[in-house]
Amino acid sequence: MAAQKINEALEHIAKAEKYLKTGFLKWKPDYDSAATEYGKAAVAFKNAKQFDQAREACLREAEAHENNKALFHAAKAYEQAGMMLKEMQRLPEAVQLIEKASMMYLENGTPDTAAIALERAGKLIENVSPEKAVQLYQQAASVFENEERLRQALEMLGKASRLLVRGRRLDEAALSLQKEKSIYKEIENYPTCYKKTIAQVLVHLHRNDYVAAERCVRESYSIPGFNGSEDCAALEQLLEGYDQQDQDQVSEVCNLPLFKYMDNDEVESRRNCQMLHKTKQEDQPQRALMLRRRRMNILVDSVSCRHVLS
């Protein structure tokens with residue numbers, strides 16, 4: 001079966017090359033017909049699991065479409081070449097081709113297709129290079145936003161924010177969350193603005209930037225309905241407990257369903273308890289304060305990551 005498909009593909013390649021030849025009575029290559037044959041060859045190679053040859057056929061198809069000024073079809077062929085690279089687990093190269101396709105979609109005047117391609121590339125590379133995935137999701141968000149497709153832009157920004165938090169790139173995560181909140185406010189989705197404020201505050205606290213966390217809540221008072229909401233009340237209690245180094249209050253707030261509480265890091269908590277138990281009697285007040293702060297940071301870290309990633 002595979003041999004039959006390979007022979008079929010080679011026949012299509014031969015036809016394509018024939019269409020590209022010129023002669024005394026044929027002054028111009030037939031790029032359209034050649035592209036069609038290369039496309040058929042790519043499908044046959046793919047069915048035969050000959051992904052590298054399928055990739056090469058896709059690239060030839062793309063070149064033929066480019067020579068024929070058919071940018072949209074060329075971009076599609078580049079995307080298919082990228083998917084063949086995906087089958088070979090050559091993900092960075094796959095993403096490179098899909099990015100090229102997205103640029104051609106933009107040049108062709110089909111930005112939505114460009115953004116979808118960027119999202120697809122982000123998904124491919126997310127587990128290998130989260131940094132690259134963040135860049136791709138942000139690019140997709142920018143394209144959607146330019147097209148005033150704000151809900152799709154928010155979906156891409158949300159993916160970028162989650163990866164930034166997961167990678168502990170908290171300064172960038174704070175900016176990404178602010179961008180999300182601004183768009184949610186623009187489309188008057190105020191309840192989600194409240195949730196993004198919670199995520200922002202948790203990220204700021206994990207950055208050990210209490211001032212930024214407090215400012216974030218203060219600025220959110222301008223969002224209709226925020227002042228007086230349970231979200232606002234919980235954040236005010238959280239900041240008060242954090243400021244006063246009151247671990248019990250912080251823990252109580254973080255246990256609220258509003259924060260989508262999950263279990264803390266048991267290992268780290270036990271380690272802290274053991275350290276506290278070993279503390280010398282004369283140093284207990286100072287060391288206890290230090291350990292209490294560490295436990296609070298662990299708690300905020302756990303809740304912040306899981307809240308933003310949820």
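**Salt bridges and a helix in a predicted model**

The count of salt bridges in this predicted model comes to 18. Side chains of opposite charge can pair when their charged atoms come close.

**Figure 1. E8 and K5 pair within helix α1.** The salt bridge between E8 and K5 has its closest N and O atoms 3.6 Å apart. Both residues belong to helix α1, which covers residues 2-20. They are 3 residues apart, or about one turn of the helix. E8 has a relative accessibility of 29% and counts as partly exposed. K5 has 18% and counts as buried, because the cut-off for buried is under 20%.

**Figure 2. R120 and E79 form a salt bridge.** Their closest N and O atoms are 2.3 Å apart. R120 lies in helix α6 (residues 111-125) and E79 in helix α4 (residues 71-87), so the pair ties together parts that are 41 residues apart in sequence. R120 is partly exposed, with a relative accessible area of 33%, whereas E79, at 6% relative accessibility, is buried.

**Figure 3. R207 and D171 meet in a salt bridge.** The N to O distance is 2.6 Å. R207 sits in the loop between α10 (190-206) and α11 (210-220), while D171 is in helix α9. This pair links distant parts of the chain, 36 residues apart. R207 counts as partly exposed, its relative accessibility being 28%.

**Figure 4. Several charged residues belong to one network.** Which residues are joined by salt bridges that share partners? They are E17, D52, R55, E56, R60, R90 and E93.

Figure 5. Buried residues of α9 include L170, A173, A174, S176 and L177. Further along, E180, K181, I183 and Y184 are buried as well. After α9 comes E188, which has a positive phi, near 65°.

**Figure 6. The whole chain contains 15 helices and 0 strands.** Of its 310 residues, 45% count as buried. The accessible surface comes to about 16600 Å², and carbon and sulfur atoms account for 48% of that surface. Among contacts between residues at least 6 apart in sequence, 58% join residues at least 24 apart.

Terms used: Residues are numbered from 1 along each chain as its sequence is written. This is a predicted model: local features need pLDDT of at least 70, side-chain atom pairs count only at pLDDT 80 or more; totals for chains, interfaces and linings use all residues. Side-chain values use heavy atoms; hydrogens and water are left out. Helices (H or I, at least four residues) and strands (E, at least two) are DSSP runs, numbered from the N terminus. Buried means under 20% relative accessible area, exposed over 50%, partly exposed in between (1.4 Å probe, protein chains only). Contact means heavy atoms within 4.5 Å. Accessible areas come from the Shrake-Rupley method with a 1.4 Å probe; for residues, only the protein chains shown count as cover. A salt bridge is a side-chain nitrogen of Lys or Arg within 4 Å of a carboxyl oxygen of Asp or Glu.
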